[in-house]
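Please look over the sequence and the model before reading on.

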Amino acid sequence: MKNEFKFIEKTAKNHIKFTSPEALCFDSRIEIFSNRQFTLDGCKRVLQFNDDYIKLGVKGGSIIIYGNGLNIGGFEDENATVKGNISSVEFCLGGGKTEKSDL
């Protein structure tokens with residue numbers, strides 16, 4: 001089993017395939033509830049935010065949540081909750097490599 005992300009091209013959308021938890025390259029746990037709530041355990045800090053995107057810093061990179069009406073529902077003990085209408089999530093690994101998943 002490979003420990004990496006793989007893009008699978010399907011029509012106009014890119015879908016991301018998780019082959020193992022280590023593929024994220026950072027010590028984080030992610031939970032996504034429908035397209036309305038994103039919970040990240042292992043968040044070090046909030047890097048940027050507005051109503052359309054929120055960029056969270058994690059060990060080894062960052063995660064950007066795109067959508068509309070986004071807000072940070074809570075941030076406590078390295079646990080961040082983002083609420084709103086989530087359209088995609090982007091994983092930015094330390095070296096500038098980016099993986100994106102459209103929801």
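Which residue in β7 stands opposite Tyr53? In this predicted model, the residue that stands opposite Tyr53 is Tyr66 in β7.

**The paired strands**

Strand β6, which covers residues 53-58, pairs with strand β5, which covers residues 43-49, and the two run antiparallel. Strand β6 is also joined to strand β7, which covers residues 61-76, and this pair likewise runs antiparallel. The table sets out the bridges for the two pairs.

| Strand pair | Bridges | Direction |
|---|---|---|
| β5 (residues 43-49) and β6 (residues 53-58) | five bridges | antiparallel |
| β6 (residues 53-58) and β7 (residues 61-76) | six bridges | antiparallel |

Within the pairing of β5 with β6, Gln48 has Lys55 in β6 as its bridge partner, and a hairpin of three residues leads from β5 to β6. The hairpin of β6 and β7 has two residues between the strands, and in this hairpin Gly60 takes a positive phi near 95°.

Ser28 belongs to the loop that lies between β2 (13-18) and β3 (29-33). Is Ser28 buried or exposed? Ser28 counts as buried because its relative accessible area is 18%, while the cut-off for buried is under 20%. When its neighbours within four places in sequence are left aside, Ser28 is in contact with Leu40, Asp41, Gly42 and Val58. Ser28 and Lys44, which are 16 residues apart in sequence, lie 10.0 Å apart in space, C-alpha to C-alpha.

Technical notes. Residues numbered from 1 in each chain as written. Predicted model: local features only at pLDDT ≥ 70, side-chain atom pairs only at ≥ 80, totals over all residues. Heavy atoms only, no water. Pairing = 2+ DSSP bridges. Helix = DSSP H or I, 4+ residues; strand = E, 2+ residues; numbered from the N terminus. Buried < 20%, exposed > 50% of the residue type's maximum accessible area, 1.4 Å probe, protein only. Contact = heavy atoms within 4.5 Å.
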